[in-house]
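Please keep the sequence and the model open while reading.

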Amino acid sequence: MVEEGVRGGVIETPGEVRSTVVYRSSVASRFASRSGSSVVGATLFLLVALFSLSACGESSREEPAQTSSGDAVSSGAKGSGSADSRVEARSDAGPATTGDERRITYQARTMGTWGGVTLSAADSLEALPHARRVHEAWSRVDSLMSNWTDDSEVARINREGGAEPIEIHPEVARVLETALAVGGQSGGAFDITVEPVVRAWGFLGGEKRVPDADEIETILERVGQQKIRFDPEARTLAFEWPGMRIDLGGVAKGYGVDEGARVLREIGVETALIDLSGNMAALGSPPGRESWVIGVRDPRDRHAYFARLDLRDACIATSGNYERFVSEGGKRYGHILDPRTGWPAQGLLSVTVLAPSATEADAWATALIVLGRARAVELVRDRDDLQVVLVEPRQDAGDHDPRDVVWVDGQLRERFSLNEGLESVFDVRFF
Ligand code: AMP
Ligand code: MG
């Protein structure tokens, strides 16, 4: 039997919800349709939740925002993207009645998932244009990098790419440059040319299935970033093997977050939390607070989140193979594949990465899942620009302790805290 599971990986816990405003606008959807059909017309709902700022509460701990890994597609989530900025307000709550700044989260369906922008404003309509700018940036990234439609730039590259170099869009070229760099530094654990294998497993539409070893072996001939020729100056790309294709699914949401942050900074917004399915950028900190509080999702789903990270001006991403998978013969096969073998990565339950950009955080989170705990720790130890939280299943911890092991980068010592009462479930080790 074949089934699929989809769940999220970093969240914000924004505190007490005061009221919710639902805006509705019609959109032409383009990005990641999990239904497998190409372009899906959809209706975008901007759910605007007004959150109170607990300005008083001396010891009241704030509920964090959670990291979820890339494909946190909730059920029924199909298509997304909004280029249409006409918003009809169906407002149940109306704008805030006091002049106090409060945090407001504007959510939209995009890139096959939910994206949220948390801003600080006295009322929801005041900040809406800012959030809409971010949503529009996501639509643009979606239309360029979707691997679920026929009309994205990536789809065109996959169609037209071959031995002759073709010109590619400057933004795709920029993401490609980062993706290839992470690919090289991770020794091929991250590789955007993994697309034909991802497709064979059914993770890019169609029925999910477990391919046989011979099929994988044959497909691997057209996988490997050393077989593409990319010229960053000329912005051209060529495939050295027929049938090669690229998949930016492991890095595009991170880029969407970076673009959202850039757009907000450009219009002078200094305080915001951008969240695209667990790929996050924390700009500044919420008014009156030192930092944003981010919750790291429990990969076994027993708790919404098991640990908190206090962050300001930081980019973070989580990947987990629990997100999307196919089950056969009682075995689960996750959607993050080792491009060198064509088989799903095994070992770590989840990887959370802080990096200088959300694009890099996204790519590295996927890469480190493939590398596994020992190599991930080794690699990160030597780098000041990456900080990680790894969750390793208990059976791999090498002893009889029933707890999962949480490997936390020593650089995060001051910012990481395990939720109270979870010492019996998680064994936290700093490295
Ligand atoms: P993420 O959720 O960011 O970890 O990305 C997972 C997605 O990236 C998958 O659904 C695939 O589309 C793609 N992918 C899977 N394995 C790899 C890999 N080893 N390198 C690059 N992309 C991958
Ligand atoms: Mg990723």
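Thr-366 places a polar side-chain atom 2.7 Å from an oxygen atom of ligand 1. This is a predicted model. Asp-362 also takes part, with a polar side-chain atom 2.9 Å from an oxygen atom of the ligand. In His-335, an N or O atom of the side chain is 3.0 Å from an oxygen atom of ligand 1.

How many residues are around ligand 1? There are 19, and those that come nearest are Asp-247, Ser-319, Leu-337, Asp-362 and Thr-366.

## Helices α6 and α7

Helix α6 covers residues 252-266, and helix α7 covers residues 358-381. Their axes come within 7 Å and cross at roughly 165°. That angle is over 145°, the cut-off for roughly antiparallel, so α6 is roughly antiparallel to α7. The crossing of α6 and α7 is right-handed.

From α6, the contact uses Ala-252, Lys-253, Gly-254, Tyr-255, Val-257 and Asp-258. From α7, Ala-358, Thr-359 and Asp-362 meet them. By class, the residues of this contact are four nonpolar, two polar and three charged.

## Helices α3 and α7

How are α3 and α7 oriented, parallel or antiparallel? Their axes cross at roughly 5° and come within 10 Å. That makes α3 roughly parallel to α7.

On α3, the contact is made by Thr-178, Val-182 and Gln-185. On α7, the partners are Thr-359, Glu-360, Ala-363, Trp-364, Ala-367 and Leu-379. Five residues of the contact are nonpolar, three are polar and one is charged.

## Helices α1 and α3

Helix α1 spans residues 124-145, and helix α3 spans residues 170-185. They pack at an angle of about 80°, with axes 10 Å apart. The two helices are therefore roughly perpendicular to each other.

Arg-140, Leu-144 and Met-145 make the contact from α1. Glu-171, Val-172 and Val-175 make it from α3. This contact has four nonpolar residues, two charged residues and no polar ones.

Methods: Residues numbered from 1 in each chain as written. Chains lettered and ligands numbered in written order. Predicted model: local features only at pLDDT ≥ 70, side-chain atom pairs only at ≥ 80, totals over all residues. Heavy atoms only, no water. Axes fitted to C-alpha atoms, helices over the stretch in contact; angles between N-to-C directions. Helix = DSSP H or I, 4+ residues; strand = E, 2+ residues; numbered from the N terminus. Parallel < 35°, antiparallel > 145°, perpendicular 65-115°, else oblique. Left-handed = near helix turned anticlockwise from the far one by under 90°. Contact = heavy atoms within 4.5 Å. Nonpolar A, V, L, I, M, F, W, Y, C, P; charged D, E, K, R; others polar. Near = heavy atom within 4 Å. Polar contact = N/O pair within 3.5 Å; in protein donor to acceptor, adjacent residues only side chain to side chain.
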